[in-house]
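Dear colleague,

I am handing over the structure below, and after it you will find what I found on looking through one part of it.

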Amino acid sequence: MSAQRGPFVYGDRVQLTGPRGKRYSITLVPEGEFHTHWGMIPHSDIVGCDDASVLQMGERAEFFAIRPLLSDFVMAMPRGAAIVYPKDAAQILSLADIAPGMRVVEAGVGSGALTLHLLRALGDSGQLHSIERREEFGEVASANVAAFYGEQPANWQLSIGDFQDVLPTAAEQGSVDRVVLDMLAPWECIDAAADALVPGGVIIGYIATVTQMSRFVEALRASGRFTHPNASETMVRGWHVEGLAVRPDHRMVGHTGFLVTARKLSDGVVLPELKRRASKSDYTDEDVAAWTPDMVGQMVKSERALRKKVREAQKFAADRLNPGGTATNSAAQQAAQEETNER
């Protein structure tokens, strides 16, 4: 997981910014070409250039070439499921206090965006175990991780299955430092997470809707095994700064999800009750019915769309892992053949 430095080489991921600020992400491969309406740049002309160089395309267009940051890579990589945006990933790393040497369990790997951030924060000395219910999502995430790091990290394990079934067999009780939940019904995983966490360990949930957040918070309280939960959301607003023209950007990254954090209590400890204003802390079966996964809704991609994303991610990784071209061409031909068969 060492930092990449020096001139571009085949297999590098490169971000190109055009004259109008539009960004393009490519992987350098032999005989590859980058095309726009401005013209064409062979990948061989990029190889050997220093990082953060300017390339000429045609007579008038200049493109700025630089290795992408992790946040750039995440926003451009193939997606099988919705990603955790960089603003939320940064908050997760901070609120959960993820640090090198820790043992972390992640439930709901999606397309691997949060996985990449967790691996970066844990370093070579930490361990990450990701658990995903859907095999297709696991394949996309695995390919994206390999494409970013150039290999499958030795300290990362990916399991396919339900969190409640996989975790008790994969981790001893009281052996996990952090549990990160990114799923539709995180309240179903509270007991398994509590068993695995060390006293003082952090559980953090990335929650999509208000109703899901409410149920997760109340379930944490009802378990009696965690501190009082904290809930928040993060919004990022950019600013336009040009001379005296200083104003907020017209567009901003608003709501993407809620974050709920709590810490594991030592066994046998009873947390003192907080003095709170009277509120509707109890609820009926009808209320709970409105919080079930079927009612809150889940966007599901078709099997065909998922298979296409898997092929895209695997070719994405093949270009990174095998810049020589043999495996890359094989992966591309296989992907093309599979897509033709589906038509």
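At what angle do H5 and H11 pack, and how far apart are their axes? H5 and H11 pack at an angle of about 20°, with their axes 8 Å apart, where axes are lines fitted to C-alpha atoms, for helices over the stretch in contact, and angles run from 0 to 180 degrees between N-to-C directions. The two helices are therefore roughly parallel to each other, a term for angles under 35 degrees. Among the residues of H5 that meet H11 (heavy atoms within 4.5 Å) are Phe137, Val140 and Phe148, and those on the H11 side include Leu306, Val310 and Phe316.

Please keep in mind that this is a predicted model, in which local features need pLDDT of at least 70 and side-chain atom pairs count only at pLDDT 80 or more, while totals for chains, interfaces and linings use all residues. Residues are numbered from 1 along each chain as its sequence is written, and side-chain values use heavy atoms, with hydrogens and water left out.

Helices here are DSSP runs (H or I, at least four residues), as are strands (E, at least two), numbered from the N terminus. Eleven of the 15 residues of H5 are buried, so this helix is largely enclosed by the rest of the structure; buried means under 20% relative accessible area with a 1.4 Å probe, protein chains only. Those buried residues pack against helices H2, H4 and H11 and against strands S8 and S9. Just after H5, glycine 150 takes a positive phi of about 80°.

Best wishes

Technical notes. Buried < 20%, exposed > 50% of the residue type's maximum accessible area, 1.4 Å probe, protein only. Parallel < 35°, antiparallel > 145°, perpendicular 65-115°, else oblique.
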